[in-house]
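Below is a short report on a two-chain model.

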Amino acid sequence: MTPQFYLFLLVNGLAQGMLLFIIASGLTLVFGVLRIINFAHGSLYMIGAFLAFSLSTVLEEGSLISFMLLLLLVPAALMIVGLALETTLFRRIYDQEHLLQLLLTYALVLILDDTVRVIWGGDIRNVPRPTAFSGSVDLLGLSFPMYNVFILGVGPLIALGLWGLLYRSRAGNLIRAAASYPEMLGALGVNVRMVMTWTFLMGCGLAGVGGVLMAALANIDLGIGMEKIIECFAVVVIGGLGSVWGALLGSLIIGVGISFIQLPLSRLAVVFPYIAMALVLIWRPWGLFGRPER
Amino acid sequence: MVVAALFALPFILNRLGKIGEYWIWVSTEIIISALFASSLNLILGFGGMVSFGHAAFFGVGAYTVALLMKKGGIPLIPALMAAPMMAAIMAAVIGWFCVRLIGLYFAILTLAFGQLLYMIVFQWYNFTGGDDGIHGIPKPALLTPVNYYLFCLVIFLVCFLLMWMIVNSSFGLTIRTIRENMDRAKFIGINVKRFQWFNFIIAGAFAGLAGGLFTELNRFAQTDFLHWSKSAEPILASLVGGMYSLVGPALGTAVLMFLNIFLQQIHQDLIEIWAMILGFILLLVVLFAPDGLVGLYGRIRERIDSFGAI
C-alpha cells in the first residue's frame with residue numbers, strides 16, 4: 001500500500017464521483033425549480049445509455065468524432081423526450097400535493113423502465129470507447145485508464161459550465177429566481193412556466209450526457225437506472241436538495257468513498273452511500289448545503 | 001354478506017377440480033396481498049407519507065418464517081408470530097431514521113433502506129441463500145389449500161378489524177390530523193415524529209405477517225420479496241382502490257390481480273408489459289381520480305342521489 005496506490009484509488013474515485021455529479025446535478029436542478037423530485041431521472045439516464053449503444057452500432061467505431069456526436073445527439077433526444085413529458089404530464093401536477101407528484105414520477109419509472117426492456121431486451125451492452133481514450137496515461141509511476149482521466153476532465157467542465165450558466169447569465173438569474181420566488185418572478189412579467197420547462201430539459205440533457213459517458217465506461221443493463229437514482233438520492237440528500245454545489249460535494253464523497261472501501265471490504269462498498277446518507281440525515285437533515293425544508 | 005361469501009368460496013371452488021384449485025390459490029394470494037396493501041395504506045393514505053420501501057418488511061417477515069421453519073424446525077404458528085415481531089423491530093430501526101424527514105426525503109430514505117435490505121439478503125449467501133432463495137419450506141399435514149385459505153381469511157379479517165380499530169382510535173385520528181396539517185398538529189402539542197414512528201412500526205408488523213403468510217403459501221422465499229418493484233404493488237393497489245378508505249387497498253388488490261389474470265387470458269404478450277400497464281394505470285389514477293375506485297363510487301352515488309332529488 002504505497003502512497004501512489006492511494007493516489008490511484010483517489011483518481012478513480014474522483015472519476016466515478018464526477019460521472020455521478022453529472023447525473024445528480026440534473027436531478028437537483030430540476031428539484032430546485034420545479035419542486036418535484038423526479039424518480040424517473042434514473043430511467044432517463046438509462047434510456048440515454050441504451051440510446052448511445054444503439055447509435056454507436058450505426059456510427060463508425062472508435063472514432064472520436066462519432067463519440068462526440070453521441071454526446072450531442074443523445075442529450076438532444078432526451079430533451080425531446082423531456083419536452084413531451086413536461087408538457088403533457090408534469091405541468092398538470094405542479095400545484096398538486098407532494099404525494100401525487102411522487103407517485104406520478106414513480107409511474108413514469110414503471111413505464112420507462114419497461115419500455116427500455118421491451119426495446120433493448122435484458123442483454124448486457126456497452127459502447128466502444130473511442131481509440132483516443134482507450135489507452136492509459138502514466139502519472140507518477142502509475143497508469144490510469146485514459147477514459148477515466150477524460151471523465152475527470154469533463155466533470156469539472158460541466159460543473160464550471162453550470163456555474164457560469166446559473167451565476168453569470170441572465171438565464172441563470174431567471175432559474176435561480178424561479179427557484180426562490182416563482183410568484184414574484186411571474187409578477188415581474190417573466191414566463192415562469194417557460195423557465196420551468198427549460199430547466200427540466202436541461203436536467204434531461206444532463207441525464208443523457210451521463211448515460212453516454214457511463215455506457216462507454218462500464219457495461220450497462222436494465223438495473224442501472226434504479227441503481228443510479230438511488231445513488232443520486234444519496235448524493236442530493238448529502239449535499240442538500242436543490243443545491244448544485246451540494247451535489248458536487250456529495251458525488252465526490254460517494255465516488256471516493258466507494259473507491260476506497262471497495263478494496264478492503266468489497267461488500268461494504270455497496271452499503272456506503274446509505275451509511276453516508278444516514279449519518280448526514282442524523283446530523284443535518286437538510287443536507288450539507290441545503291436549507292431546512294418545510 | 002361479503003364475508004360469508006368469502007368463507008363459502010373455497011367449498012364451491014373445491015368442487016371444480018383442477019381449475020378450482022388454481023382459483024383457491026389465487027384467492028389466497030389476493031387475501032395476503034390485500035393485507036400487505038392495507039398495511040402500507042396505514043402510512044400512505046392515513047399517514048400521508050409515501051414509502052417506497054415497504055417490501056422490506058414483507059421480505060423480513062417472509063424470511064423469518066422461512067428460516068425458522070426450514071433451519072430452526074419451528075412449527076408454522078410460532079414462526080408466523082415471530083414474523084410481525086421481526087418486521088416491527090426492523091421497522092423501528094428504519095423508521096427511526098425515516099420519520100425524521102418529511103415528504104420527499106421520507107420517500108427517498110425508505111427506498112434507500114429497502115434496497116439496502118434487498119442487497120444484504122442478496123449478498124448474505126450463507127444465511128439467506130442469496131438469489132437462490134430458500135426452497136422447500138415444510139408444510140403442516142393439516143394444511144390443505146382450503147384450510148390455508150380459511151386460515152389466511154381469518155387472519156386477514158382479524159387484522160382488518162384491528163386496523164379499523166387503529167384508524168378510528170385516538171391514535172388513528174391523530175395520525176390523520178398530522179396528514180391534514182402537520183404544523184397545526186405540532187402547535188397543539190402532538191409529538192408528530194413519535195406518532196409517525198409508531199404508525200410506521202405498526203404498518204411494518206402487518207406487512208411482516210403478510211410476508212410470512214405468503215412464504216407458507218409459496219413454500220419458497222426469494223429476494224424478489226424485498227425488491228423495490230414489490231413495494232410498488234401495495235402502492236398501486238391502494239391508489240387504484242382508494243387510499244383514503246380502509247377497504248380501498250383490498251379492493252384495489254383484487255381488481256389488479258383479476259386484471260392480470262384477465263390479460264393473461266387474452267394474450268400472453270400483455271403480461272410481458274405488465275409493469276408498463278401498471279404505470280399507465282397509476283398515471284391515470286393520479287391525474288384523474290386520486291381517491292381511486294372508492295372515491296369514484298362515492299362520486300357516482302352522489303351524482304345519482306342529487307339526480308333523484310330533482
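How many residues of chain A are in contact with chain B? There are 30, and they meet 31 residues of chain B. Contact here means that C-beta atoms, placed from the backbone, lie within 7 Å.

## Basis of the model

This is a predicted model: local features need pLDDT of at least 70, side-chain atom pairs count only at pLDDT 80 or more, and totals for chains, interfaces and linings use all residues. Residues are numbered from 1 along each chain as its sequence is written, while chains are lettered from A and ligands numbered from 1 in the order in which they are written.

## The A–B interface

On the chain A side, helix 4 (98-120), helix 9 (224-239) and helix 11 (266-283) each give two or more residues. Helices (H or I, at least four residues) and strands (E, at least two) are DSSP runs, numbered from the N terminus. Helix 4 of chain A gives the most, with 14 residues.

By class, this side of chain A has 24 nonpolar, 2 polar and 4 charged residues. Ala, Val, Leu, Ile, Met, Phe, Trp, Tyr, Cys and Pro count as nonpolar, Asp, Glu, Lys and Arg as charged, and the others, Gly among them, as polar.

## A helix crossing in chain B

Helix 2 (residues 18-46) and helix 11 (residues 228-241) of chain B have axes that come within 8 Å and cross at roughly 75°. Axes are lines fitted to C-alpha atoms over the stretch in contact, with angles from 0 to 180 degrees between N-to-C directions.

Helix 2 of chain B contributes residues including Phe36(B), Leu40(B) and Leu44(B). Helix 11 of chain B contributes, among them, Glu233(B), Pro234(B) and Ile235(B). The contact has 7 nonpolar, 4 polar and 1 charged residues.

## The nonpolar core

The largest nonpolar core has 194 residues. Such a core is a set of buried Ala, Val, Leu, Ile, Met, Phe, Trp, Tyr and Cys residues joined through C-beta atoms within 7 Å. Buried means 20 or more other C-beta atoms within 10 Å; exposed means 12 or fewer; partly exposed is in between.

Val237(A) is among the members that touch the most others. Beyond four places in sequence, Val237(A) contacts Met277(A), Val280(A), Leu281(A), Gly287(A), Tyr105(B) and Ile108(B).

## Positive phi

Arg35(A) is not a glycine, yet its phi is positive, about 60°. Arg35(A) sits in the loop between helix 1 (3-34) and helix 2 (41-58) of chain A. Arg35(A) is partly exposed, with 17 other C-beta atoms within 10 Å.

Arg219(B), also not a glycine, has a positive phi of about 55°. Arg219(B) lies between helix 10 (192-218) and strand 2 (220-221) of chain B, in the loop.

Key:
Two residues are in contact if their C-beta atoms, placed from the backbone, lie within 7 Å.
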